[in-house]
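My notes follow in the order I took them.

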Amino acid sequence: MTSNTRVVVIGAGLAGVRLARRLGELGTPVTLIGEEEHRPYNRVLLAEVLAGRYSPEVIALPAPAELTRARVTGIDRAERTVECADGSKIAYDTLVLATGSNPVLPPLRGLFRDAYLASAHRAEQPTRSSGRGSGGRPPGSHRTPDHVLPEGVHAFRTMDDCLGLSKAVRPGVKAVVIGGGLLGVSAARALARRGAQVVLAQQGERLMERQLDPSASKLVHRHLKDLGVEIHTECRVRDVRCVGGAVRSVEMHDGYALDADLVVLACGVHPRVGLAQIAGLDVRKGIVVDDELRTSDPHIRAIGDCVQHDGEVYGLATPALEQAEVLAELLSGRTSARYTGTRALTRLTLAGHDSPFDLAAFGETEARPGDDVVQLADATRGTYRKVVVRDDRLVGGVLVGELGTVGALARAWEGAEPLPADGAPLLHLLTNDGGS
């Protein structure tokens with residue numbers, strides 16, 4: 001690829017910023033388009049900002065010089081241009097979609113209708129000033145890419161989400177977190193640390209059931225309860241009740257109602273593929289790419305949360321960063337680079353002087369018949385360590401508590417090398433707190 005080739009990257013999240021910086025280091029000019037007004041940031045650490053541990057500046061990413069603030073509304077594949085909301089067009093030779101993901105908004109009664117009516121009513125009233133970016137919606141209401149949420153109801157995906165929650169939370173405020181996965185657990189803990197009265201409602205039978213086994217889930221449950229979080233599992237939320245466009249309560253499927261000043265929607269994410277669909281690219285669960293991160297259009301690549309590679313949609317930071325590194329090599333002329341998938345590790349660190357907590361899960365955490373399982377638990381310290389071995393190879397593990405073994409175990413898993421028959425090194429890794 002020649003030095004005057006126009007590479008345009010849509011999306012200034014972890015993947016887009018890493019790609020742009022690597023291309024700059026490798027001598028390939030790039031234009032990065034970011035929609036958010038904030039400086040690019042590490043989305044993984046938003047819960048720490050909400051908890052008050054970090055300021056937004058601490059989690060900012062070193063952005064490349066060529067950063068354009070714009071919202072892309074379309075792609076003209078024939079002309080090879082991207083069209084922006086302000087009417088401008090940006091030409092490309094190679095376009096990279098790093099559009100990330102959107103929060104899943106559950107189909108709850110009252111979630112959108114009341115907010116829409118309140119917003120429409122407000123828009124009809126004469127006002128002195130609509131406020132920058134208000135769009136006529138009521139103060140405190142939250143706009144997702146396609147919806148307006150009632151005042152007090154927040155998704156938890158962007159810096160604006162985080163800052164909106166931070167402004168609203170105060171000691172004693174009643175907060176309901178809907179969703180008990182990784183995001184919901186992070187949000188509930190952060191709100192509790194800020195002094196909110198937190199209720200977490202999880203539709204599944206236990207917390208973080210996609211990542212953790214039952215024993216590890218129990219420790220997470222205990223940790224949150226120790227912080228004062230009230231937890232309801234196997235609990236479906238059916239209704240968000242609002243008065244004047246502002247949330248007042250959340251009703252469960254059995255009719256039980258929870259008073260709420262704040263509601264956090266932590267129901268997962270889905271790939272943000274709207275631009276790709278409008279452009280006519282191959283989209284299934286995500287934007288389909290090959291080992292060179294090419295979409296169905298040879299002039300358009302894609303990386304990060306929006307991508308489906310070899311049938312897999314990761315939605316995690318590590319695969320996004322690895323894809324960015326591979327694509328940087330390819331676009332800089334190193335044509336042998338290939339992305340062949342990521343053996344991803346889920347890590348959640350909940351720091352704090354009063355109650356530090358750490359967990360990690362990788363590979364297959366549930367054993368099959370014939371597998372060997374090694375488990376170590378310490379109820380006093382609140383730690384739990386389990387690994388699954390199949391045919392003398394480490395195939396997965398889950399670790400909860402104050403951990404120092406994650407890095408070494410993950411390397412043993414990623415290497416997929418046979419373990420020594422006596423098992424001594426594996427036991428050493430499980431019992432060693434010294435390094436990560």
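**Entry 1**

The model is predicted, so to speak of local features I need pLDDT of at least 70 and for side-chain atom pairs pLDDT 80 or more, while totals for chains, interfaces and linings use all residues. Residues are numbered from 1 along each chain as its sequence is written, and side-chain values use heavy atoms, with hydrogens and water left out.

I took strands (E, at least two residues) and helices (H or I, at least four residues) as DSSP runs, numbered from the N terminus. Two strands pair if DSSP finds at least two bridges between them. Strand 15 and strand 16 (residues 246-252) run antiparallel and are joined by six bridges. I then noted an open sheet of three strands in the order 15-16-17, with antiparallel pairing. Its edge strands, each pairing on one side only, are strand 15 (237-243) and strand 17 (257-259). From one strand to the next, the twist averages 30 degrees.

I found an open sheet of five strands with parallel pairing, in the order 11-18-12-13-14. Strand 11 (153-155) and strand 14 (230-232) are the edge strands, and each pairs on one side only. The twist here averages 20 degrees from one strand to the next.

I checked strand 13 (residues 197-201), which pairs with strand 14 in the parallel sense over three bridges. Leu200 stands opposite Ile231 in strand 14.

Which strands does helix 5 lie across? I found that helix 5 (residues 182-193) lies across strand 12 (174-178), strand 13 and strand 18 (262-265), and runs at about 170 degrees to strand 13. Angles run from 0 to 180 degrees between N-to-C directions, with axes fitted to C-alpha atoms, for helices over the stretch in contact; contact means heavy atoms within 4.5 Å.

**Entry 1: the cavities**

I took a cavity as a set of points, on a 1 Å grid over the protein atoms alone, where a 1.4 Å probe fits but cannot get out; lining residues have an atom within 4 Å of a point. Grid points are joined across faces, edges and corners, and a volume is the space filled by probe spheres set on the points.

I counted two cavities of 30 Å³ or more. The second largest cavity holds about 40 Å³ of space. Its lining includes Gly304, Asp305, Tyr314 and Gln323. Helix 8 (residues 317-331) gives the largest share of that lining, three residues.

Definitions and conventions: On a 1 Å grid over the protein atoms alone, a cavity is a set of points where a 1.4 Å probe fits but cannot get out, and a pocket is an open set with protein on both sides within 12 Å along at least five of seven lines; lining residues have an atom within 4 Å of a point.
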